[in-house]
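Morning, everyone. Let's go through the side-chain contacts in this one. Here it is on screen.

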Amino acid sequence: QTWLVFIPSGKLRAIENLQIVDFISVYEPAYKVAPDLIHNNSRDLSVVIHLMPNPILDVETVITKIMEIGVTPIQRMFSITPIIKAKLSRELLPELAGIEEILWIEEDSPPQSYMNKIRSNRYITIIGNNIFSLKH
């Protein structure tokens, strides 16, 4: 399993030394793009953009950023993380992945749309500053 975590610099060495940790790396923009999307040779793409789970994230600011690079937002949804469905030309994918607030980008497909509908039936409770719990 892979986990995306924010580690304070003073804790990095202790976490690296845990036996259950195999690898720690900076979350590079290339990691944000689903492999099937990388191998999709279509010029125009329909994607689902998952944003970082952050209680103070301004989704409208992120939408403005993606529009400024030429991505067309189609739909905005909230599930475990805020989701934006969008259309873009393939050459914009690296720049889109470079937006800091974006967690994951995947191809929009009928099965993906179905899963996002299921996910949107859940909601997030914020406990403290950054702990989330799902309720059904």
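Is Asp44 buried or exposed? Asp44 is exposed, at a relative accessible area of 58%. The cut-offs: buried is under 20%, exposed over 50%, partly exposed in between, with a 1.4 Å probe and protein chains only.

Some ground rules. This is a predicted model, where local features need pLDDT of at least 70, side-chain atom pairs count only at pLDDT 80 or more, and totals for chains, interfaces and linings use all residues. Residues are numbered from 1 along each chain as its sequence is written, and side-chain values use heavy atoms, with hydrogens and water left out.

Now salt bridges: a side-chain nitrogen of Lys or Arg within 4 Å of a carboxyl oxygen of Asp or Glu. The count is 6. Asp44 pairs with Arg43, closest N and O atoms 3.9 Å apart. Arg43 is exposed too, at 53%. Arg43, Asp44 and Glu91 are linked in a salt-bridge network.

Next, Glu101 and Lys65, at 2.7 Å between the closest N and O atoms. Those two sit 36 residues apart, linking distant parts of the chain. Glu101 is buried at 18%; Lys65 is partly exposed at 30%.

Then Asp108 and Lys85, with a salt bridge of 3.7 Å, N to O. They are 23 residues apart. Lys85 is buried at 11%, while Asp108 is partly exposed at 22%.

Last, aromatics. Ring centres of Phe, Tyr and Trp (six-membered ring) must lie within 6.5 Å; planes under 30 degrees apart are stacked, over 60 edge-to-face, the rest tilted. There is 1 pair. Tyr27 and Tyr31 are tilted, 6.3 Å centre to centre, 55° between planes.

Definitions and conventions. Helices (H or I, at least four residues) and strands (E, at least two) are DSSP runs, numbered from the N terminus.
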